[in-house]
Amino acid sequence: MLYLDILHALKAMNIPVYNDGHAVERSVDKGMTSFLLHNAGLPTPLTWVLRNREDALNIAESELKRGNLLISKPLFGSQGEGIRRLEKTTDLFWLTSSHGVFYLQRFVHCSGVGFSDNRVFVVNGRAVASMRRRGKSWLNNVARGASCERIDPDAEMVGLAVKAAAALAMDYAGVDIIQDKDGHYIIIEVNSIPAWKGLESVCDVTIADLLADDLINRYVKTP
């Protein structure tokens with residue numbers, strides 16, 4: 001909260017803030033991210049945000065009986081920390097809340113063999129680099145050992161990434177998109193403070209330069 005307060009204070013003092021406090025708040029709160037993506041008409045996994053444990057258990061049991069797996073996530077977090085996949089009813093014993101809130105999301109099975117998703121890096125409404133992440137397990141985070149490969153995204157994937165960043169009013173974003181078994185793209189995460197080490201390892205870009213140029217050209221330069 002202290003860092004967010006600092007970002008809000010800087011903006012109140014008319015000091016340029018790149019991905020301001022409101023943008024960061026929208027993205028670190030996974031419940032709000034899911035709502036804003038859905039409200040913008042963008043494809044995102046079916047999601048439940050609840051305060052009552054009994055309601056969360058009932059939904060989880062119903063989904064599992066229908067053959068759907070679930071992801072339980074902390075409301076705030078990054079790099080896959082605290083995320084669990086619920087595969088069977090005994091997993092429900094481990095269902096825990098995040099600050100009193102239960103965040104459940106239907107698991108999306110990706111197309112192809114193994115586990116993979118795509119990261120599209122958006123700067124000022126433009127996709128500047130993209131990669132596919134192949135996880136050692138169903139978690140595709142680079143911090144957890146996923147391998148990276150450069151991709152040339154099609155127009156649909158680029159369009160979704162750009163619209164997702166706009167829906168959360170971000171100057172820049174790392175947008176994670178998975179292709180499901182039926183070939184449809186689904187947005188699973190929008191990051192306001194995305195790491196780019198993995199992206200730069202496979203793409204011929206220097207992300208810091210792109211961000212600095214955009215910040216200066218839009219917020220610092222005077223006419």
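Student: How far apart are the end C-alpha atoms of helix H7 (residues 207–220)?

Tutor: They are 18 Å apart. At 1.5 Å a residue, the 14 residues of H7 should span 20 Å, so the two values agree. The expected span is 1.5 Å times one less than the number of residues in the helix. Helices (H or I, at least four residues) and strands (E, at least two) are DSSP runs, numbered from the N terminus.

Student: What should I know about the model and the numbering?

Tutor: This is a predicted model, in which local features need pLDDT of at least 70 and side-chain atom pairs count only at pLDDT 80 or more, while totals for chains, interfaces and linings use all residues. Residues are numbered from 1 along each chain as its sequence is written, and side-chain values use heavy atoms, with hydrogens and water left out.

Student: Back to H7. Which of its residues are buried?

Tutor: Ile207, Leu211 and Asp214 are buried in H7. Buried means under 20% relative accessible area, exposed means over 50%, and partly exposed is in between (1.4 Å probe, protein chains only). Seen down the axis of H7, the buried residues fall within an arc of 70°, so they line one face of the helix. That arc is taken from the directions from the helix axis to the C-beta atoms.

Student: And what covers them?

Tutor: The cover includes strands E5, E6 (126–134) and E8, and helix H6 (197–202). Contact here means heavy atoms within 4.5 Å.

Student: New topic. Which residues touch the most other members in the largest nonpolar core?

Tutor: Leu37, Ala164, Val175, Ile177, Ile187 and Val190 do, out of 20 residues in that core. A nonpolar core is a set of buried Ala, Val, Leu, Ile, Met, Phe, Trp, Tyr and Cys residues joined through side-chain atoms within 4.5 Å.

Student: Which elements give two or more residues to this core?

Tutor: They are helix H3 (30–39), strand E5 (116–123), helix H5 (155–167), strand E8 (172–179) and strand E9 (185–191). H5 gives the most, with 5 residues. Apart from this core lies another, of 13 residues, among them Ala56, Leu57, Ala60 and Leu86.

Student: How do E8 and E9 run, parallel or antiparallel?

Tutor: E8 and E9 run antiparallel, joined by 6 bridges. Two strands pair if DSSP finds at least two bridges between them. Val175 stands opposite Val190 in E9. The hairpin has 5 residues between the strands, and Gly183 there takes a positive phi near 90°.

Student: How many residues of E9 are buried?

Tutor: 6 of the 7 are, so E9 is largely enclosed by the rest of the structure.

Student: Which residues other than glycine have a positive phi?

Tutor: Asn14, with phi near 65°, and Asn19, with phi near 60°, are among them. Most residues other than glycine have a negative phi. Asn14 is in the loop between helix H1 (2–12) and helix H2 (21–28), and Asn19 lies in the loop between H1 and H2 as well.

Student: Is each of those two buried or exposed?

Tutor: Asn14 counts as exposed, at 71% relative accessibility. Asn19 counts as buried, at 3%.

Student: What about Asp117, buried or exposed?

Tutor: Asp117 is buried, with a relative accessible area of 3%, and lies in strand E5. Leaving aside neighbours within four places in sequence, its contacts include Arg132, Asn140 and Ile177.
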